[in-house]
Amino acid sequence: MGVRELGLPERIGSTDSLPSKVTIWEVGPRDGLQNEAEVVPVEVKLEFLDRLAGAGLTTLEATSFVHPKWVPQLADAEEVLARLHRHDGVRYPVLVPNERGLDRALAADVTHIAVFASATETFARRNLNSGLDAQFAMFEPVIGRAREAGLDVRGYVSMCFGDPWEGAVPPEQVVAVGKRLLDAGCSQLSLGDTIGVATAASVERVLDAFTEAGVTIGDLAVHFHDTYGQALANTLAALRKGVTTVDSSAGGLGGCPYAESATGNLATEDLVWLLDGLGVEHGVDLDALVETSVWMAGKLGRPSPSRVVRALAG
Ligand SMILES: CC(=O)SCCNC(=O)CCNC(=O)[C@H](O)C(C)(C)COP(=O)(O)OP(=O)(O)OC[C@H]1O[C@@H](n2cnc3c(N)ncnc32)[C@H](O)[C@@H]1OP(=O)(O)O
């Protein structure tokens, strides 16, 4: 069953301000799997990516070229990319923290990379072994060289809405980090609620801070975790502000190994259900996606936390 079969109107008055189409940035193979206790075999990762593309997702964050000792779950990045069945019309961005990571990514023939900055000092130290200011010395040459090589570069900003060690994060601090990434050459920012503490109000506040600083809303994506059950409400708040790219993870897989309080990402199935009900185009086949998440849950040995997966898979 899909939400449209319930006979709900596709567009209602209050949806007028919403975008007609949203790009779903699927992070399950990277953000989802980076936090698994067991390393998922390459064959399973490849089939996961293949099934996600088959379900209609056109942006699949495939892996990370980070230090293998820091994230052993993704130490097989070279092998995953070498054996990847690249579907036409699908982009496969990868995370790259530094020039060593960029060299590895270039050798693997990537076309899209993402650097990941922190909005706070403590998380920059824990996640990047760097500092709030020092992290840019790592990213700037990566972005410059990647752009010269013709790659597209996305910039993540972590801890935009709260930090487990520092508490509240001033929106102007988030904007300063984001603007430096855009100025260095990133084409899009993904604003991460790494530990899932955002509410619709704080989402609006941070997005407003960016637009007041002159950033175009179309250059912003949102990345929510569902720790307090707010991810969908936060997504709706962002859509109403004009955001058209939303990160999510099939089956709600995910977390961050360097932020223990981070739980699963917004589930792609839950996002698709919301978008269907709002009449917002996304291009994903929900049944095929649910089937993929049920298959993946079987491989991981535990049920998907996604409400939509549970409701549809029985
Ligand atoms: C919110 C999120 O979900 S973000 C994603 C989750 N978090 C992550 O992925 C964390 C990633 N962090 C990291 O990989 C690390 O902190 C780094 C690479 C950024 C910095 O680590 P450091 O140990 O400070 O790197 P440093 O530059 O000192 O290099 C140390 C060694 O690692 C190697 N190294 C550094 N970067 C990489 C890389 N990307 N790939 C492989 N090896 C690397 C260096 O060559 C060096 O090797 P050597 O000792 O043999 O000379």
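Mentor: Begin with a convention: angles under 35 degrees count as roughly parallel, over 145 as roughly antiparallel, 65 to 115 as roughly perpendicular and the rest as oblique. Axes are lines fitted to C-alpha atoms, for helices over the stretch in contact, and angles run from 0 to 180 degrees between N-to-C directions. This is a predicted model, in which local features need pLDDT of at least 70 and side-chain atom pairs pLDDT 80 or more, while totals for chains, interfaces and linings use all residues. Residues are numbered from 1 along each chain as its sequence is written, and side-chain values use heavy atoms, without hydrogens and water.

Trainee: At what angle do α4 and α6 pack?

Mentor: Helices (DSSP runs of H or I, at least four residues) and strands (E, at least two) are numbered from the N terminus. Helix α4 (residues 99-107) and helix α6 (residues 135-148) pack at about 25°, their axes 9 Å apart. The two are therefore roughly parallel.

Trainee: Which residues of α4 and α6 meet?

Mentor: Contact means heavy atoms within 4.5 Å. Glu99, Leu102, Asp103 and Leu106 of α4 meet Pro141, Val142, Arg145 and Ala146 of α6.

Trainee: Is Glu36 buried or exposed?

Mentor: Buried means under 20% relative accessible area, exposed over 50%, and partly exposed in between (1.4 Å probe, protein chains only). With a relative accessible area of 8%, Glu36 is buried. Glu36 lies in the loop between α1 (28-32) and α2 (42-54). Not counting residues up to four places away in sequence, Glu36 touches Gln73, Leu253, Leu300 and Arg302.
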